[in-house]
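Visitor: Could you walk me through this structure, please? I would like to hear how each answer is reached.

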Amino acid sequence: MKKKILSYLGIFIVAIFPLIAYFMPGTKYFLQVSIDILMYTILALSWDMLVRTGQASFAIPGFYGLGAYVAAIFTKTLGFPIIFSIIIALLISSIVAWLLGYLTLRLKGMYFAIATLAFSLILMTLVIQLKDITHGSEGISTITMFAGNKYMIYYLIFITFVIVIGISEYIQRSKYWYSFTAIRTNEQVAKVMGINTVRQKVVMFVISAMIASLIGTYETFIAGFIEPHSVFNLSIGVMALAMVIFGGIYSTIGPIVGAVILKIIDEILSTTIGLGYMIVYGLIIVITILYLPKGVLGIWQKK
Amino acid sequence: MNTFIQVLVNGILQSGTYMITTLGLALAVGVVGILNLAHGEFLMVGAFLSIIFYTVFGIDPLISILIVSLLILLLGIGTYKISLKKVLDSAEVNQLLLTFGISIILQNIAVLYSGSKEVMVINPPYRDLSWNIEGIGISFSKTLVFIIALILVITLFYILNNTKVGKSMRAVEQNRYGAYIVGINADRIFKIAFGVSVGLAGLAGVMLSIILYATPFIGFNYTLKAFAIIMMAGMGNLRGILWSSLILGIIESALGTYVPGGTGWSEGIFFFIILIILLVKPEGIFKK
């Protein structure tokens, strides 16, 4: 009961945050940072949901970039409205994810990680090389959504955030929690128990890919400009993964806590230290793996 | 015809770079089963040290290579003792993430060191030396890399098959507890294998500093390519690494020559091949 109240309180605070920020100095900056935090929270959650089936994917940058580029091309080159571009981006990503999932999800551990990494890098090469469609490494500039109104953007992402939390919690509380755990710990046993392991993993992969791709389309319409090296940046995947590990893996609240803390640290360090601040990420990942196998959430739960 | 031979020569020499970068990782991943995503960063540190030795102390890379390899080997053993040792028994993903963390740390130490100097290059006198045989250009430094790579592969192959330490490494990979029972100190073997593995990465870094350039961010790409070659060759298959490197080297050189804008495609095609191999024949395409 206490937990429930706490989580509603958390969501409520996130919901009214822009109103608080409105009365503070430097509003624009805080709002932009909180938009970033929410976007990373969603990416981290999408990675965590997939890793619950035991598959550590490096396809986040691939789908993020795919979403960003499809959305940009459809609005800029073909003149589609933003909402249709986003829907098309999601459709294309889900088809690609479905195919890729069927092909790669029987691979385990490192093999799967490398295959998904290869996917992200192949997409980046395609985008850089197919200059006629994508403008190559120059990037594409598009329109921004809500004419750049940060409050509207914040609430759009907030709604997405709530939906993604809903999906994540549904998985945690339904029979899928049991089947995912079974697949993760011993796939053979899971199969014997009658779980269609391939289908469950593919469905999860598609959902996770669509979420990453959706965030990619948001990035396009928030920034109004994208280029291959920034949207297919592997560090997007790394950060999402670090947030999950740091916060607490296989949970809904863990990735959220991780994303909020790390993104705030990130924001402070990148303005104070500047170059090389990512070293802190490395240290956090190493320390968490060695000493906090359940993340910061683990410390809290022990008490 | 001449172009074709030139393409072949360049491809073969290019494969030397692949061999030398992959060899160390193959020892860690394929032989003793440690997944090291920081391999390329150890290589990068090797390249940085080589450049520092050359620019600050005026020591030629071909001389500093021994000191640098040894330093990186010690760095590797230290890393093993502090961190890797603790995750060997846990899930595979933990090894991946831990070494990923280490790679970010090393990368950013380099960023903090090099600061705004973006690309570091050194020019030892033999850097641009090349022979011209009947119109075919053969670069001296690349040939050197190729020969050293070949010697290292053969030496490692010999050590693994014929010495006690090598056989222990293979035993530990096959069955750690079985190895304990027959009296092999598995911890020591892991330590040696990992140390030598990253030592080789450092050595590769020094060699690459002669023919290429260094930035703090070169490492990850080498790790990826090395992993890719290992998968293509098959786990623990050192001979397969020779062939995979040759094939990829020649494909890359042919792309650069025959396809307009081809070098831009080479990375994509590289990973496309890897993806296909993973899907069709994940155990590698070469017989052991």
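Visitor: In what order do the elements of chain B run from the N terminus?
Guide: Happy to start there, with a predicted model in which local features need pLDDT of at least 70, side-chain atom pairs count only at pLDDT 80 or more, and totals for chains, interfaces and linings use all residues. Residues are numbered from 1 along each chain as its sequence is written, and chains are lettered from A and ligands numbered from 1 in the order in which they are written. Chain B comes to 11 helices and two strands, where helices (H or I, at least four residues) and strands (E, at least two) are DSSP runs numbered from the N terminus. The order in chain B is α-α-α-α-β-β-α-α-α-α-α-α-α.

Visitor: What radius of gyration does chain B have?
Guide: The radius is taken over C-alpha atoms, and the globule rule is 2.2 Å times the number of residues to the power 0.38. For 288 residues that rule gives 19 Å, and chain B is close to it, so chain B is as compact as a globular protein of that length; its radius of gyration is 19 Å.

Visitor: How are α3(B) and α4(B) oriented to each other, roughly parallel or roughly antiparallel?
Guide: Helix α3 (residues 61-87) and helix α4 (residues 92-114) of chain B pack with axes 9 Å apart, at an angle of about 155 degrees. Axes are lines fitted to C-alpha atoms, for helices over the stretch in contact, and angles run from 0 to 180 degrees between N-to-C directions. Angles under 35 degrees count as roughly parallel, over 145 as roughly antiparallel, 65 to 115 as roughly perpendicular and the rest as oblique. That makes α3(B) and α4(B) roughly antiparallel.

Visitor: Which residues of α4(B) make the contact with α3(B)?
Guide: Two residues are in contact if their C-beta atoms, placed from the backbone, lie within 7 Å. From α3(B) come B:T79, B:S83, B:L84 and B:V87. Their partners on α4(B) are B:N94, B:Q95, B:L98 and B:I102.

Visitor: Which helix supplies the largest share of the side of chain A that touches chain B?
Guide: Here 32 residues of chain A are in contact with 34 residues of chain B. On the chain A side, α4 (82-104), α5 (109-129), α12 (234-247) and α14 (279-291) each supply at least two residues. The largest share, 15 residues, comes from α5(A).

Visitor: How many residues does chain A have, and what radius of gyration?
Guide: Chain A has 15 helices and two strands. A compact globule of its 303 residues would have a radius of gyration near 19 Å, which agrees with the value for chain A, 19 Å.
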